[in-house]
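Biologist: I would like to learn how to read packing and contacts in a model of this kind. Could you take me through it step by step?

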Amino acid sequence: MSNLRNLCSGNFRRYLRWGDRISGQLRLGLLTLAPILTVAVLLALLPPDGNERAEWAQFIGRFHPLVVHIPIAFLLLVPILELAGLNHRFSYLRLSAGFVLGLAMLSATGAAILGWCLGRSGGYSGPLLTQHMWGGISLAAVCWLCWMLRLSDGEQRSTFIYGVALALGVGLVAWTGYRGGQLSLGEDHLTEHMPGGLRQVLGLSNVQASLASAGANTFYGARVEPIFAARCVTCHGPEKHKANLRLDSYRSLMRGGKDGPVVRAGNVQGSDLFRRITLPLDHDDFMPKQGKRPLSADQVKLIELWIGAGASGTLPLAAIKDAPTGSASPTAVSDVTFEEIDPAEVTRLRAGIAPAVAELRKRFPDILEYESRGSANLILNASILGPKFGDSDLEGLAPLAEHITLADFSRTAITDRSASAIAAMKQLRVLRLMHTRITDSTLQRLGTLDQLESLNVFDTPVTPAALPTIAKLPKLAHCYAAQTAIPSQIAVPQPLIGKLVF
Amino acid sequence: MSNSKARPNDRGGREGNSDMHPELQMALLQAQTRRHFLRTLGGGLGTLFVGTSLAEYAGAATDAGRSETTSLDFTREPSSPLAALPPQFAAKVRRVIYLHMAGAPSQLELFEYKPDLKRLDGQDCPASFLAGKRFAFISGVPKLLASQYPFHQVGQSGHWISDRLPHLEKHVDDLCFIKSMHTDQFNHAPAQLLVHTGNARLGYASLGSWVLYGLGTENQNLPGFIVLLSGGKSPDGGKQLWSSGFLPSVYQGVQCRSHGEPVLYLDNPPEVSRPLRRTMLDAIDQINQQTYAAFGNPETITRIAQYELAFRMQMDATDAMDIRKEPAAVRAKYGSKPGEASFANNCLVARRLAERGVRFIQLYHWGWDSHGADPKEALNLGFADRCREVDQPTAALLADLKDRGMLEDTLVVWGGEFGRTPMRENRNGQEMKWVGRDHNPGAFTIWMAGGGVKPGITHGQTDEMGCEIVKDPVEIRDLHATMLYLLGFDHRKLHYSFQGLEQKLTSVKPARVVAEILA
């Protein structure tokens, strides 16, 4: 650092000849290159091997994710300064580029050192990590190169090389950063939540690659491996093998990690894997590591059953009875989705009936309403008007008959004269005729209502004579027939068994 | 303001009215909040740019943006603020009957069968259950307390239930139990507020008000949100539990009297005929309409609407509430005795109201706070009385809704505001004279029945003691989101601008519709 200060001081420069200045710069360059080379040698000789080491190294290593952002910001600032400086109004910006570059180099070197501490001592290993580390060290070296070229400014040729080197540095930032992101967030962290349309444009498959490699009809392949694939392989998989443990195949699982096997066939309590997933949440050894969601009770149960049954890779799926179901896929019950309303579509759907609806709602306020904001189906609740609603009123609703999906005529004054009006409501799913004077003659004409799921004749003079017609309704699930002339003990036609409610 | 409908915060109508009444101006100024300031601050720079360089296009762009917005419109004609509106998407249920058991009934004496607790009865509570917990009354090391009543399995679903609910147990296959309800309030009033308004503090709109705001009501001759108390003690949360909060007060719950006339002074005084009453109301309406035209205060609309509703209710309310009109056999099924204030009478009224298109019917029972401080709140004495009071009428209500086909599109919810501890209460470290349990916000049980809900299932699970949730926790806001979903709403879309925030029943934390219990 003292060299740097001397280099910048005018006093020093004044007493030196040209050659001395070159050698001063070289000296400084070698001094800053030394730590970069040291890290490179360390990485080459002592690569991360998945074992955890010295506490202090881990402690300072944990600052790597923090420090790593400093060189990124500095390095990205350099081309901005240089390019902006090309405009004469901002030419003063170029003066600071070398200084910023120096900071980028120093912080990149620091980040690389911390990164090595973390990688070597934190129990990481795998090709992703190796690539990330070499990327980081190369970046520090490229920063150094750029800095040296920037100091020996002037010549056209070195300016060109400088530009190329800077571009290379920016590229390295992106690549190394992407690898780092994969390490901490998962390999597909950029595409994981990508919208379907964009995926198609980029030619990515929409379906998550099936991770199950073992036979799908084995208990391991169908129930256990998917748990590991979903919850464990991010850290114990092909890319990162913390504690030297990989859970991405049956063989590697049974081989175990740095402390030996993690699964002991038939011995649930003696299996370290089971011990760790069932420890108290705040225990140091608990897996998945703190911050990550613990395995669900069903998942733990599945692993327990599997180890207990001999931890076999070939045991058939059906061999273990009363295993919890659905837990193989963590989202057995998917969350509800809410329909979006497209106003244009709603307008189109309602185009044919909107004027009639508006007209009739003036005549019958409150009893006629769309089923939902996105629908052209109608709900007719005439029960609100009670005895004030009669056959002639129902006739008035004829233009909308085919759009009514729920009709409630409870307590209204309608009679069998309305039979044809009701029979015309072809889309009816629910029909309520509670407390009306409707008789069998109306019901016998309702055979056309092939969408009807629920028919309510509670407290009407309906008799068993209506049952044959009701029995033919294909979608009917319930017929409410209490307080009618239909006795509750009646032998009903076959299709109506279990559907009559008294 | 005259163009704004029943929305006090309609920003469009606010500007350019210099002769506004000072009070209203004040109210509008108060509606401007820090949130507005920050929002304007953020958008301000961009707006400046757009405003200067793209002035021509800006207007068109904003208009286009507005027409595409997906937020729902709840504006109605000023004269009918309770008009029915269709739900956002096809609803599973069209009305709600909410049976709130104020005081928090013990799940361990009703629905939570914990044989391990019986084994450990009388032993000191393990420290792990007490660590880091704060109880309303328990101090020191309490003793574990087994259920005071025997359990048995019932129905196709084989649900374990205690012997306290002999009528309700016949309907167990229609019920959907949530055993893993969780709250963060351990005192009655805030916990009840949380259950009813989604917020433990005062001033928020109740569930019923939100539903009424979102869906309106079909029967304009009755209030759309009716509240019935079964006598005894009022809930600790008070009238705030059915308040409309920041929503216009026309959406608040209308508490009807549980004995005598349901609504006082509803009948015309002697010598005032109905036509005369109408003439009088018309004159008052005219004055109110003028007031509204001048000041645009939605509360004026509420006033007009309430006069009109009262006039229409003269015909219908007395009839709807009069359980004497039910056959004696039906009254006997509920165990109701006309003339007294009881849960049984209210259940019967609830069915009559549901039949008449009332959107949200809220019943309260009381006295479930079984601490064991006196016989009335002892698990082996008063608690048994409470069970007797609700068991038969609740079962009769379910039976009536079922054989009338109304359970298809009615949602019945039963529950308290939190649960009770597996430990016997030891107030100030002393064993209580009677048997009781303390408050447990960590886990409680509710059940639902009706449209869109899976019947005969149990969702969620607690530990062997019934103390903590071990599987599928359900927050109050999740329950609210689920209820709104069944009523046809995305809980995030049912909102109302107040204090610069799109206020929602489920408040600001993300809520989840409990998909596992949906049929």
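Modeller: Let us begin with burial, where a residue counts as buried if 20 or more other C-beta atoms, placed from the backbone, lie within 10 Å of its own, as exposed if 12 or fewer do, and as partly exposed in between. Of the 519 residues of chain B, 48% are buried in this sense. This is a predicted model, in which local features need pLDDT of at least 70 and side-chain atom pairs count only at pLDDT 80 or more, while totals for chains, interfaces and linings use all residues. Residues are numbered from 1 along each chain as its sequence is written, and chains are lettered from A and ligands numbered from 1 in the order in which they are written.

Biologist: How many helices and strands does chain B have?

Modeller: Helices (H or I, at least four residues) and strands (E, at least two) are DSSP runs, numbered from the N terminus. Chain B has 13 helices and 17 strands.

Biologist: How many residues of chain B are in contact with chain A?

Modeller: Two residues are in contact if their C-beta atoms, placed from the backbone, lie within 7 Å. By that rule, 27 residues of chain B touch 30 residues of chain A.

Biologist: At what angle do H11(B) and H12(B) pack?

Modeller: Axes are lines fitted to C-alpha atoms, for helices over the stretch in contact, and angles run from 0 to 180 degrees between N-to-C directions. Helix H11 (residues 343-355) of chain B packs against H12(B) at about 15°, with the axes 8 Å apart. H11(B) is therefore roughly parallel to H12(B), given that angles under 35 degrees count as roughly parallel, over 145 as roughly antiparallel, 65 to 115 as roughly perpendicular and the rest as oblique. Among the residues that meet are B:Phe343 and B:Cys347 from H11(B), and B:Val390 and B:Leu397 from H12(B).

Biologist: Which way do H6(A) and H7(A) run relative to each other, parallel or antiparallel?

Modeller: Helix H6 (residues 69-86) and helix H7 (residues 92-121) of chain A pack at about 160°, with their axes 8 Å apart, and H6(A) and H7(A) are therefore roughly antiparallel. The residues of this contact divide into 16 nonpolar, 3 polar and 2 charged, where Ala, Val, Leu, Ile, Met, Phe, Trp, Tyr, Cys and Pro count as nonpolar, Asp, Glu, Lys and Arg as charged, and the others, Gly among them, as polar.
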